[in-house]
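Me: I have a model open and want the terms used for it tied to their cut-offs. Please start with the rules, then apply them.

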Amino acid sequence: MEFKITGMMCGHCKAHVEDAIKAVEGVDTFEVNLASGTAVVEGDAEKDAIISAVKAAGYDCGAF
């Protein structure tokens, strides 16, 4: 699954997004790219759960 994340401005923001994604049940692996504002997530996690977690961390998120 690939997500577009807006609002990340620095490494600290990226770390917040990574922590939010990591906490979602069913996430096996993920990569957050600060430069492109994207995250690629692999596993059995629900898309809506990932989007909700990123939004709860303070960033806008939508699936591609």
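Reply: Two strands are said to pair if DSSP finds at least two bridges between them. Strands are DSSP runs of E with at least two residues, helices are runs of H or I with at least four, and both are numbered from the N terminus. The model is predicted, so local features need pLDDT of at least 70 and side-chain atom pairs count only at pLDDT 80 or more, while totals for chains, interfaces and linings use all residues. Residues are numbered from 1 along each chain as its sequence is written, and side-chain values use heavy atoms, leaving out hydrogens and water.

Me: What makes strand 1 and strand 3 a pair?

Reply: The rule asks for at least two bridges, and 3 bridges join strand 1 to strand 3. The two strands therefore pair, and they run antiparallel. Phe 3 stands opposite Ala 39 in strand 3, and Lys 4 has Thr 38 as its bridge partner there.

Me: Why are strand 2 and strand 4 called edge strands?

Reply: The open sheet has 4 strands in the order 2-3-1-4, with antiparallel pairing. Strand 2 (27-33) and strand 4 (60-63) each pair on one side only. Neighbouring strands are turned by 25 degrees against each other on average, direction ignored. The angles come from lines fitted to C-alpha atoms, for helices over the stretch in contact, and run from 0 to 180 degrees between N-to-C directions.

Me: What joins strand 2 to strand 3?

Reply: They pair in the antiparallel sense over 6 bridges, one of which links Asn 33 to Thr 38. The two form a hairpin with 4 residues between them, and Gly 37 in the turn has a positive phi of about 65 degrees.

Me: How do you know that helix 1 packs on the sheet?

Reply: Contact means heavy atoms within 4.5 Å. Helix 1 (residues 11-22) touches strand 1, strand 2 and strand 3 (38-43), and its direction makes about 165 degrees with that of strand 2. Helix 2 (residues 47-56) lies across strand 1, strand 2, strand 3 and strand 4, at about 165 degrees to strand 4.

Me: What makes the buried residues of helix 2 a single face?

Reply: Buried means under 20% relative accessible area, exposed over 50%, and partly exposed in between, with a 1.4 Å probe and protein chains only. The buried residues of helix 2 are Ile 50, Ile 51, Ala 53 and Val 54. Down the helix axis they fall within an arc of 165 degrees, so they line one face. That arc is taken over the directions from the helix axis to the C-beta atoms. Asp 48 and Ala 56, on the other side, are exposed.

Me: Why is Lys 47 called partly exposed?

Reply: Its relative accessibility is 36%, so Lys 47 falls in the middle class. Beyond its neighbours within four places in sequence, Lys 47 is in contact with Met 1, Phe 3, Ala 63 and Phe 64.

Me: What counts as the nonpolar core, and which residues have the most contacts inside it?

Reply: A nonpolar core is a set of buried Ala, Val, Leu, Ile, Met, Phe, Trp, Tyr and Cys residues joined through side-chain atoms within 4.5 Å. The largest has 19 residues, and those with the most contacts inside it are Ile 5, Val 17, Ile 21, Ile 50 and Val 54. Strand 1, helix 1, strand 2, strand 3 and helix 2 each supply at least two residues of this core. Ile 21 touches residues including Phe 30, Val 41 and Val 54.
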